[in-house]
Amino acid sequence: MTARADSANLNFDQDASNLNLALQRFGQATGAQLLYAPGLTANLRAPALRGRMSSDRALGLLLANTDLAFRRTPSGVIVIYRASPEPRPKSDAPVVHHPVQDLEPVVGLEAVIVTSGKRLETLGGSDASVQVLSSPTMDRAGVRTFDDLARLAPSLTISKTTQPGNNSINVRGVGTYSYSIGTEPSVVVVVDDAPQAFQAMAFTALADVQQVEILRGPQSTLFGKSASAGVIYITTKPASDTFAARAEAMMTDDHEQRLQATMTGPVSEDLKYRLSAAYGRYRGNVFNLATGRWMNGQSDFNLRGKLVWTPGDNWTVSVSPYYTRSLSSCCVGAETYVSPYATQTRAEIPREAVLRGIVPGPDNHLARYDVNARGNARDKGVIVRAVGAVGSWRLTSISALDRYDLYDRQDTDATDLDFSLLAPQAPRGGSGNGGYFHIRSESQELRVNSPPGARWDYVGGLYAGQTRAERYFVRGSNELGDYNGLSSLPTTNSTAYSRYRSRTFSRTLAIFGQGAYALNDRISILSGLRVSREKIGYRFDDLGNGVVYGAPSCSRVGPSGPIETCHSDTAVSGRIGVQGKIVPGVTAYAVYSTGYKGRAYDLTSSLTMRTPLTSGPYAGLPVADAIAAQQPVASETVGNYELGLRAVSPDRNLSWNLTVYRERFSGFQTQSRDDATGLNVLNSIGSMLAEGVESEFSARVTPRLALSGAAVYSRATIGNFDNAACYFGQTAEQGCVGGRQDLTGKTLFNAPRWSMNLNASYQAPVGADRLLEINAGYRWRSRVFYSLLQDPASIELAYGLLDVSAGLSGQGWRVTGFVENLLDQRFAITRGRDVQWNLVGSDGRPAMGVHWKPARDSGRHVGLRLAVGY
């Protein structure tokens, strides 16, 4: 239910002038955002505008006696365009241009407005590789959570491991390959112009979302250091000038339920609000026989408010508080294969004694863990946004404050074995690990946008932000205690006790600018630059051994020698290119852009290892001190060459986007074999290459039938990586020599070579006041490795999913039935080799175990959704 922003009458007092100036004055008087090509208003005049009237009436008068028309997008942006190539006949009476939706019930495809560039532009005229997902598009595709975005965005993949804090968001196959609070992500998530400081914040329901934009490739010019691979830009729905309310309920036959309610409207002439609440719960798809609990589920509660104040004609101030609570039991695996004579622990317990009621197979959903996985999070914060006009310029201020807490627990030994039966001194049960994350972030951005319709369309600004993070971690008993004096448990890998607390800080100051300068009506020069000054630092307390790094703050003195626990850096990123209009409706661009990912600290349990090294340059030092002496890890940079084509048919019934890209990352940050310590630690290795082709299209075949789709060919490969670690159980014949292997030229993990989706929507009236809508969507992707180390046991074969839905709607209500994964395909969010099984079975032959973590959509499920509104 889109609010009619033209419903209120306003006072206008404008003299006759050129049309460009008149439109600037109109935007200042109404607070509306106008979008039109720079040359569209050239040599055109506008009449005087006086009196009290609606904004639509006023804009119609300004466009009288021209061949221009306007239309409002669902987000309220006013798009001005040329309605006809023929000049309009002169007349003594003014011709009023009504909004397009009043003149044309079916106008082809809706204009898609891109806002992530921090300046308004249509998708057809965008100079970046971006895919835009509107609220109706996501609704038809059944997108309910952040994970579901991959249904519609083939360039987006999400990698999950043991808990939300270790998840990775990847664009073009590139993401984060180390899990430490001292390491920055490669893809940043931005909600209502405020960046999220920790990727785990994103993994919740998409409640009350207006639009999602997936920006592919380095976006560091506008979004800074955590956007070297891309940006997920989320915009929530605005407050309305008219009262509206909506409620929705959904349930499925595999135990997912969702409730959502929104209310919006005016408080007074200059104050309006929006309030939304959503609750969702999914039971999970792996049953834990040891505890009788379902795992891999999640429940979410989201509460978001908006209070929008318009103190004058030129300014708007909005305050948006939010609160999210997520309770997750992700992610645990179930055995798909275990060798007949496989054993566990040094006591060689046979597989039958371990599995007890579990039959490994490709569709196994049973497991045994004596610790239930959890990742329980709470996120709260506020975003304050002020927008106004000073002269012809548009000023924007975004202030954001966020507090995020995550409490996690996992089963380290992945069994329900009681190790006190093997080592009487040990506590009952096995080994668990977990603790908490505390993330505190504040940011402030000030930016200015050029006057609308000017030859130079630009945005420039200042950014300041700081983030403080704390990680407390224990690997010990099931209750996170110690091993009653033992240094390790007698598991297959002798699980060692570890307990630490790490703290990091990051402070950033930046100045940035980006825009396009129109040389003429057809060619524009693209440019952008960002200069950032950053300071980072850490403190690490090894609580088990009583050793501290980084105390006092920024100390350069380590337990065994000099270390660096703080670092300052200046980074420059930018873009340069050209954009041209080939023919009306068809534009092309070529751009070179750079990105930057800051230095990193490897703050994991490796820093609790006090075993002395026996060789190498750090011989005699404890392992942890040798790792600390080599930090921070060097920064990661990327250069991206990109060619793009954007086309929209004259009748707006067809749009097509094509992008060709080649990205080269230098100093790629990932885990590798360290020559000095012989361990797998975070290092800055050689290079990584990502290249490919991206394409999207939308078509209105008939007034009732619409098609859309996207396809991606992506080749993300490692450059020089001849000291990679070996996967568990890898032999010399399989390429493991001296505890390392050469992965040069190999594909990154969870990076499919091919991905695509195709969607169809058909609408037909039923009776006088009913509408029938039928939707179908098919998505497919090629095989992937779920292990960067190229373990064959981690291969996920190609699969395709078909989703269908049918809905009937009337005045103020809608009922939709849907079937997801109609073909009943099975697929995993990850799979791989189990490290808890001994490499040699009781028969003296090699043995192994393999698990999978079933995806939420693995297997067919049916659901019903009911929505009512006023």
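**Close-up views of a predicted model**

**Figure 1. Helix α2 is mostly covered.** Of the 8 residues in helix α2 (residues 55-62), 7 are buried, where buried denotes under 20% relative accessible area, exposed over 50%, and partly exposed the range in between (1.4 Å probe, protein chains only). The buried residues of α2 are S55, D56, A58, L59, G60, L61 and L62. Helices (H or I, at least four residues) and strands (E, at least two) are DSSP runs numbered from the N terminus. The model is predicted: local features require pLDDT of at least 70 and side-chain atom pairs pLDDT 80 or more, while totals for chains, interfaces and linings use all residues. Residues are numbered from 1 along each chain as its sequence is written, and side-chain values use heavy atoms, with hydrogens and water left out.

**Figure 2. An open antiparallel sheet is formed by 3 strands in the order β24-β52-β51.** Because β24 (334-338) and β51 (828-833) each have a single partner strand, they stand at the edges, and one side of each is left without a neighbour in the sheet. Neighbouring strands are turned against each other by 20° on average, direction ignored; the axes are lines fitted to C-alpha atoms, for helices over the stretch in contact, and angles run from 0 to 180 degrees between N-to-C directions. Strand β51 is joined to the antiparallel strand β52 (residues 849-854) by 5 bridges. Two strands count as paired if DSSP finds at least two bridges between them. The bridge partner of T830 is K853 in β52.

**Figure 3. R530 is buried without a salt bridge.** This arginine belongs to strand β33 (residues 523-542). The nearest side chain of opposite charge, that of E445, is 5.9 Å away; Lys and Arg count as positive and Asp and Glu as negative, whereas His and the chain ends are not counted. A salt bridge requires a side-chain nitrogen of Lys or Arg within 4 Å of a carboxyl oxygen of Asp or Glu. The side chain of R530 reaches the backbone oxygen of L222 at 3.1 Å, and a polar contact of 3.5 Å joins the side chains of R530 and S532. A polar contact is a pair of N or O atoms within 3.5 Å; within protein, one atom must be able to donate a hydrogen and the other to accept it, and residues adjacent in sequence count only if both atoms are side-chain atoms. Leaving aside neighbours within four places in sequence, the residues in contact with R530 include S220, T221, F223, G224, Y463, F512 and V572, contact being heavy atoms within 4.5 Å.

**Figure 4. A salt bridge joins R140 and E773 (4.0 Å, N to O).** The pair links distant parts of the chain, with R140 in helix α4 (residues 135-140) and E773 in strand β46 (residues 770-781), 633 residues apart. R140 counts as partly exposed because its relative accessibility is 35%, whereas E773 is buried, with a relative accessible area of 14%. The structure holds 50 salt bridges.

**Figure 5. K225 and E184 meet in a salt bridge (2.9 Å, N to O).** Distant parts of the chain are again linked: K225 lies in the loop between α5 (220-223) and β16 (230-236), and E184 in the loop between β12 (168-171) and β13 (187-191), 41 residues apart. Both K225 and E184 are buried.

**Figure 6. A network of salt bridges includes R144, D148, R151, D254 and E256.** Also linked in this network are R258, R779, D803, E820, R856 and D857. Elsewhere, the side chains of E352 and R351 form a salt bridge (3.6 Å, N to O).

**Figure 7. Cis peptide bonds occur at C330–C331 and at A551–P552.** Most residues other than glycine have a negative phi, and most peptide bonds are trans. For the bond joining C330 and C331, omega is about 5°; C331 lies in the loop between β23 (315-328) and β24. For the bond from A551 to P552, omega is near 0°, and P552 is placed in the loop between β34 (547-549) and β35 (566-583).

**Figure 8. Positive phi values are found at H255 and Q790.** Phi of H255 is near 70°. H255 lies in the loop between β17 (244-252) and β18 (256-268) and is partly exposed, with a relative accessible area of 36%. Phi of Q790 is near 65°. Q790 occupies the loop between β47 (784-785) and β48 (795-796) and is buried, with a relative accessible area of 12%.
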